[in-house]
Structure formats: C-alpha cells, structure tokens
Amino acid sequence: MAQTVGKANFAASSARAKSRKSSLIDKVRMKQLLQQDVNALSASIADSGYRPDLDVYASRLDGAELIEAALSHNLDRDLAEVLHFCTGAVRDQVAIYAQRFEFANAKTVLRAIHSGADQDVLKTEILPEENLNNRKWLDLTNRSKTLAEAIHNMGSTPWGKALSKLPEGSTLQEMEDALDKAYYSHALDSVSAPGSDFTLKKYLMTEIDHRNIVNILRSIRQGIDQETMAKIIIPGGRSVSKDTLASMTKEGTMIGAIEVLMKKSNGFDAKGLLESVEASEGSTLDPVIQLLVKKRDALLYSMSHRSPVSVLPVVHYIESKTHEVQNLRLLVRGKAAGLSNEVIKEHMR
C-alpha cells in the first residue's frame with residue numbers, strides 16, 4: 001500500500017476519534033429505542049445524528065427501508081470523514097482496517113450478479129445510487145452479466161486479483177472464502193511493515209482466530225467434509241495453530257471441536273465457548289458468535305486504552321460505529337418482522 005504524504009497525527013486523530021465515540025448511542029438510549037415501533041424509530045434515529053442521511057432518501061423511501069438506507073449512507077460518510085482527518089501512517093493503517101468494507105461490497109456485487117438481481121432493484125435498494133460510494137459498484141454490475149465478467153472488470157483491485165487466481169468454475173462460496181483470505185493476507189502484510197502499529201496486527205490476528213473457529217463449527221454443523229473445511233481456514237491467526245485447526249476439522253461434533261481447541265491452545269481464551277455450544281444444542285451458532293464478538297470488543301477496548309496515542313483509538317471508534325449501525329439495522333429489521341424485544345436484544349452487540 002502506498003504511503004500517504006504527511007506526518008502521522010496520532011494524538012490529534014486519537015482525540016477526534018474519542019470525541020466521536022462519546023457521541024455514539026449509549027446502552028441506556030439503545031434500550032429506549034428498543035421500546036419504540038418502526039415509525040417512532042425513524043424520528044429517534046434522526047435525532048441521534050442520522051437526520052442528514054434520512055433526508056437523502058426520504059423522498060422515495062419510508063419505514064424500515066428508509067432507515068436501513070440512511071444507516072448505510074451514514075456509515076460510509078462517517079468512514080470517509082475519519083480517513084480525512086487522519087494523516088500519514090495513521091491514515092495508512094486505518095485505511096487497511098477500513099478496506100474490509102470494500103471487500104464486503106465486492107461480495108455484494110458477486111451475490112447480486114449470481115442471483116440475477118435487477119439493476120433497478122440494485123440501485124434503489126441494495127446499493128442505492130444516492131450514495132456516491134456505490135456508483136463504482138453499480139457500474140461494475142451494469143457491465144458484468146456473469147461472475148467471470150465481474151472478476152475481469154474488477155481488474156487490478158485487491159479483490160479482483162484474489163478472484164482472478166481461482167480456477168474456472170469456482171462457486172460463489174469459494175469466491176467469498178477467497179476474498180476473506182485475501183483481505184486478511186493483505187492487511188497482515190501491510191501492518192507488518194516497518195513503522196506499523198503491532199497492536200493492530202495483534203487484533204487482526206485475533207479476528208482470524210475467531211473467524212476460523214466459527215467457520216469450522218459452522219462446517220461441522222452443516223456436515224461439510226474435512227478437505228473442504230481445510231480450504232476455508234484463513235492463515236495468520238494468533239493463538240490457534242494450524243495443527244489445532246486441522247485437529248478440529250477431524251471432529252464430528254461441535255463440542256468435540258471445542259474440546260480439542262481447549263486442550264491444544266493454552267494461549268487462546270476459550271472460556272465460555274463450550275457452554276455456548278451446549279446451550280444452543282447445536283441449533284444455532286449465535287451464542288458462540290456473540291461470545292467471540294464480546295471477547296474482541298473487550299480486547300479492542302483494552303488495547304485502545306493501553307495505547308491512547310496510536311491508531312487503536314481510531315480503529316476502536318470505527319468498530320464501535322459499525323456496531324451502532326448494525327444494532328440499529330437489527331432493531332429496525334426485527335421490529336418490521338414482528339420479533340419480540342427479547343429476541344432482538346439477544347442479538348444486539
């Protein structure tokens with residue numbers, strides 16, 4: 001990744017990120033929102049800093065669709081503002097972390113093309129054209145009738161390069177797995193360069209550990225064979241070795257895989273994982289995913305406070321902002337689907 005011109009403004013960017021974080025919706029306010037219906041939510045979310053984004057779509061959308069479009073728009077706008085106030089090495093490293101959103105958009109494009117989504121639906125619902133960040137993705141889908149054409153049109157982008165290495169006839173799932181591996185490979189290479197923040201590398205490696213654990217458990221639950229499981233493992237984890245991951249793939253049950261993890265990875269915090277799997281009785285991975293999310297949240301919070309003048313407070317803000325948007329999206333979708341407050345709350349971060 002090319003280095004950004006300018007001196008790294010660690011102190012200034014950290015201070016601005018912390019200020020933004022203090023303005024996010026807190027737990028008390030989120031509980032209050034949980035008690036509202038979709039119509040009341042629109043006004044409350046507008047008052048929480050999302051009014052300009054709601055106004056962008058208010059002329060053609062309403063209800064849950066309006067709120068969801070505004071939330072995505074706000075997150076993209078906020079991320080651009082954060083990158084703008086970071087300079088030098090700070091911006092370089094924040095950009096590495098933020099590139100995950102680009103890889104996610106590449107997946108969205110592949111799914112849309114694979115499913116034959118109508119272009120009008122794409123530009124009005126999936127990738128609203130009012131969001132300038134979506135223009136290049138909409139152009140890509142407009143020029144690509146097949147997945148092969150899409151990969152070709154992605155060109156020399158990091159996601160395009162990753163997909164072009166796949167054999168012809170690869171499935172959509174194989175493409176998505178390749179994108180996950182490519183993102184973390186690129187990110188780890190970038191944060192391993194001289195002058196990079198090792199604490200960010202530590203966090204990314206923990207993410208990889210967690211992704212691998214969830215992917216293996218999901219594969220076991222779905223009855224996927226060991227060879228296929230081995231292909232989806234993302235290299236570069238921190239505390240779970242390749243041998244441990246390989247041993248986990250040999251287990252026929254999720255409980256067996258967790259027991260292997262607990263036995264072979266002394267450096268990995270597996271506390272609560274076995275109980276989470278047992279509590280769900282194999283019906284869902286939600287308890288495991290939620291537990292790992294909480295562990296990552298706690299780690300990033302701790303790291304950002306131990307290194308207050310570093311890139312970590314900025315990354316922590318981006319992650320916290322993303323959580324807020326995800327919670328609000330879940331809240332709106334849940335209300336629109338008629339889910340109970342208890343069920344919605346269980347899945348919120």
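1. Leu-166 lies in the loop that runs between α9 (158–164) and α10 (172–191). The model under discussion is a predicted one. When residues up to four places away in sequence are not counted, Leu-166 touches Glu-174, Met-175 and Ala-178. For the pair Leu-166 and Ala-178, the C-alpha to C-alpha distance is 8.0 Å, and the separation in sequence is 12 residues.

2. Ser-14 belongs to helix α1, which covers residues 10–22. Its relative accessible area is 2%, so Ser-14 is classed as buried; the cut-off for that class is under 20%. Apart from neighbours within four places in sequence, the residues in contact with Ser-14 are Pro-308, Val-309, Ser-310, Pro-313 and Val-314.

3. The next point concerns the nonpolar core. In soluble globular proteins, nonpolar side chains tend to be buried together. In this model the largest nonpolar core has 55 residues. The residues with the most contacts inside this core are Val-94, Leu-110, Met-154, Leu-200, Leu-204 and Ile-318. Helix α5 (residues 88–115) supplies the largest share of the core, 12 residues.

4. Leaving out neighbours within four places in sequence, Leu-200 has contacts with Gln-93, Tyr-97, Val-191, Val-311, Leu-312 and Val-315.

5. The remaining points concern helix packing. Two packed helices are described by the angle between their axes and the distance between the axes. For helix α3 (residues 38–57) and helix α17 (residues 312–336), the axes come within 10 Å and the crossing angle is roughly 165°. The two helices, α3 and α17, are therefore roughly antiparallel to each other, given that angles over 145 degrees fall in that class. The crossing in which α3 passes α17 is left-handed.

6. Which residues of α3 and α17 meet? On the α3 side they are Val-38, Leu-41, Ile-45 and Tyr-50. On the α17 side they are Lys-321, Glu-324, Val-325, Leu-328, Leu-331, Val-332, Lys-335 and Ala-336. Divided by class, this contact of α3 with α17 has nine nonpolar and three charged residues, and no polar ones.

7. Helix α11 (residues 198–222) and helix α14 (residues 254–264) have axes that come within 9 Å and cross at roughly 150°. That angle makes α11 roughly antiparallel to α14. The crossing of α11 and α14 is right-handed. Ile-213, Leu-217, Ile-220 and Arg-221 of α11 make the contact with Met-254, Ala-257, Ile-258 and Leu-261 of α14. The residues of this contact of α11 with α14 comprise seven nonpolar, no polar and one charged.

8. Helix α14 also packs with helix α15 (residues 273–280), at an angle of about 175° and with the axes 10 Å apart. That makes α14 roughly antiparallel to α15. In α14, the residues that meet α15 are Met-254, Ile-255, Ile-258, Glu-259, Leu-261 and Met-262. Their counterparts in α15 are Leu-273, Leu-274, Val-277 and Glu-278. By class, the contact of α14 with α15 has eight nonpolar residues, two charged residues and no polar residues. Met-254, Ile-258 and Leu-261 of α14 are named both in the contact with α11 and in the contact with α15.

Methods. Residues are numbered from 1 along each chain as its sequence is written. This is a predicted model: local features need pLDDT of at least 70, side-chain atom pairs count only at pLDDT 80 or more; totals for chains, interfaces and linings use all residues. Side-chain values use heavy atoms; hydrogens and water are left out. Axes are lines fitted to C-alpha atoms, for helices over the stretch in contact, and angles run from 0 to 180 degrees between N-to-C directions. Helices (H or I, at least four residues) and strands (E, at least two) are DSSP runs, numbered from the N terminus. Angles under 35 degrees count as roughly parallel, over 145 as roughly antiparallel, 65 to 115 as roughly perpendicular and the rest as oblique. A crossing is left-handed if the near helix is turned anticlockwise from the far one by less than a right angle, and right-handed if clockwise. Contact means heavy atoms within 4.5 Å. Ala, Val, Leu, Ile, Met, Phe, Trp, Tyr, Cys and Pro count as nonpolar, Asp, Glu, Lys and Arg as charged, and the others, Gly among them, as polar. A nonpolar core is a set of buried Ala, Val, Leu, Ile, Met, Phe, Trp, Tyr and Cys residues joined through side-chain atoms within 4.5 Å. Buried means under 20% relative accessible area, exposed over 50%, partly exposed in between (1.4 Å probe, protein chains only).
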